Amino acid sequence: MKIIDAKVIVSCPGRNFVTLKLLTDAGLYGIGDATLNGRELAVVSYLQDHVAPCLIGRDAQQIEDIWQYLYRGAYWRKGPVTMTAIAAVDTALWDIKAKAAGMPLYQLLGGKSRRGVMVYGHANGEDIEQTVEQVGNYIDMGYKAIRAQCGVPDLPSTYGVSKDKMFYEPAAAALPAENLWSTEKYLNHIPSLFEKLRQTFGPEPHLLHDAHHRLTPIEAARLGKALEPYCLFWLEDAVTAENQAGFRIVRQHTTTPLAVGEVFSTVWDCKQLLEEQLIDYIRATVVHAGGITHLRRIADLASLHHVRTGCHGATDLSPVSMGAALHFDLWVPNFGIQEYMRHTQMTDEVFPHNYTFKDGYLHVGEEPGHGVDIDEKLAAKYPYQRAYLPVNRLHDGTLYNW
Ligand code: GCO
Ligand code: MG
């Protein structure tokens, strides 16, 4: 079964998405997500100019060989642009293989390890009261797990807090917005949010929080300790992880479970974190970590060290990523949780899909493949719009982590 065409489709139904469609001479096609928030066109060029010419004529069934060809064969390894491009090819090839086999993708991976995929939603508010109300809404919708983010007094905008409560979207179609950040104000405020959440909702709902790489290891340790009485499911991205050894300090001080890795692109980004058991959940996902083929290797290493998966699932990952991740989640033995931010109706229409939400779980359909398609005609109606994530500065103007 030969690959005869590789189409890169850019569409902006409210936000930018890059999609790869691989077509074969057997009449089957596969779809992969290639979206890298704020750097979308770099992946488009990587795919169109450098990858597509090498794919034409290759056997679409040789997923592993093609993966190695694109990773080892490129000489320049790793990095988010490369690994997102490889992920798109890999996801499309798994889609084709599953369609050829007449099976939903999870069957090819080894079948279901669970009945459904537990997901967490995003509740956020400008203050504690509003956030508590939003968490309540998610509980009413049936969610078992909710991430809670809250505005910080005296900071005009805070990561994770949006005007539109259901569809949080941090990228904006302009040059990067500049936000103000104060770790001191944040650390003084956040524990009271979780105190209030536990008082209101009791011990049952899983509560999560994302510190979005804003803390140093010792600050993260302080936050983890302060949150211990409220038994979080996880504290996410407390510290940037370029220096993996930095997590040792956090780990030594707190029993709050730690999650990290939405920006990781290979197993090398988390090798030490996993081998030293410095984290509890690995956030790498299909689209940014080299596709199903590589994510499986990360999950296998994680499982040796008691680390479970918690795939990134923000709205800047297209429904194609979500569909593929759900098949992965259904199979992976050391599954933890899946992030699920709902896409807008406009996005859902461009990407028809068969996954459905019920009682806090997502379920995939039984159609062959990963179950997500692209409506190319509709996609063409929404041309690319340059957009960026914000940047952060401290009070004195120093550029900080966003
Ligand atoms: C999350 C993330 C996102 C990211 C976004 C950046 O936990 O969902 O932190 O909100 O900011 O995916 O591209
Ligand atoms: Mg995050």
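The C-alpha centres of domain 1 and domain 2 lie 26 Å apart.

User: What kind of model is this?

Analyst: This is a predicted model.

User: Where are the bounds of the two domains?

Analyst: Domain 1 covers residues 3–104, and domain 2 covers 109–369. The contact takes 34 residues from domain 1 and 35 residues from domain 2.

User: How much area do domain 1 and domain 2 bury between them?

Analyst: About 2500 Å², with 62% of it on carbon and sulfur atoms. On the side of domain 1, Pro13, Asp33 and Pro104 lose the most area to domain 2, and together they account for 22% of what that side buries.

User: And how many residue pairs are in polar contact between the domains?

Analyst: The count is eleven residue pairs. The elements β2 (17–24), β3 (29–33), α2 (63–71) and α3 (80–101) each supply at least two residues of the side of domain 1 that touches domain 2.

User: Which of them gives the most?

Analyst: Helix α3 does, with eleven residues.

User: How many salt bridges cross that interface?

Analyst: The rule finds one across the interface of domain 1 and domain 2. As for Glu64 and Arg297, their side chains meet in a salt bridge, with N to O at 3.0 Å.

User: Why would such side chains pair at all?

Analyst: Side chains of opposite charge can pair when their charged atoms come close.

User: Are Glu236 and Glu262 buried or exposed?

Analyst: Glu236 is buried, and Glu262 is buried too. Both also belong to a network of salt bridges that links Glu236, Glu262, Arg283 and Glu339.

User: How many salt bridges does the structure hold?

Analyst: It holds 14. One of them joins Glu276 and Arg248, with the closest N and O atoms 2.8 Å apart. Glu276 sits in the loop between α9 and β10 (281–282) and Arg248 in helix α8 (residues 247–253), so the pair ties together parts that are 28 residues apart in sequence.

User: What about Lys271, which residue does it bridge to?

Analyst: Lys271 forms a salt bridge with Glu275, the closest N and O atoms being 3.3 Å apart. Both lie in helix α9, four residues apart, about one turn of the helix. Lys271 is partly exposed, with a relative accessible area of 33%, and Glu275 is partly exposed at 38%.

User: And what does Lys358 pair with?

Analyst: Lys358 forms a salt bridge with Asp359, where the closest N and O atoms are 3.8 Å apart. Lys358 counts as exposed at 54% relative accessibility, whereas Asp359 counts as partly exposed at 45%.

User: Last one: where is Thr24 found?

Analyst: Thr24 is in strand β2. Thr24 is buried, because its relative accessible area is 4% and the cut-off for buried is under 20%. A polar atom of the Thr24 side chain lies 2.7 Å from the backbone oxygen of Leu28.

User: Which residues is Thr24 in contact with, leaving aside neighbours within four places in sequence?

Analyst: Thr24 is in contact with Met1, Lys2, Ile3, Ile4, Ala60 and Ile96.

Definitions and conventions:
Residues are numbered from 1 along each chain as its sequence is written. Chains are lettered from A and ligands numbered from 1 in the order in which they are written. This is a predicted model: local features need pLDDT of at least 70, side-chain atom pairs count only at pLDDT 80 or more; totals for chains, interfaces and linings use all residues. Side-chain values use heavy atoms; hydrogens and water are left out. Buried means under 20% relative accessible area, exposed over 50%, partly exposed in between (1.4 Å probe, protein chains only). Domain bounds come from an automatic or database domain assignment. Contact means heavy atoms within 4.5 Å. Buried area is the accessible area (1.4 Å probe) that two parts lose on being put together, summed over both. A salt bridge is a side-chain nitrogen of Lys or Arg within 4 Å of a carboxyl oxygen of Asp or Glu. A polar contact is a pair of N or O atoms within 3.5 Å; within protein, one must be able to donate a hydrogen and the other to accept it, and residues adjacent in sequence count only if both atoms are side-chain atoms.
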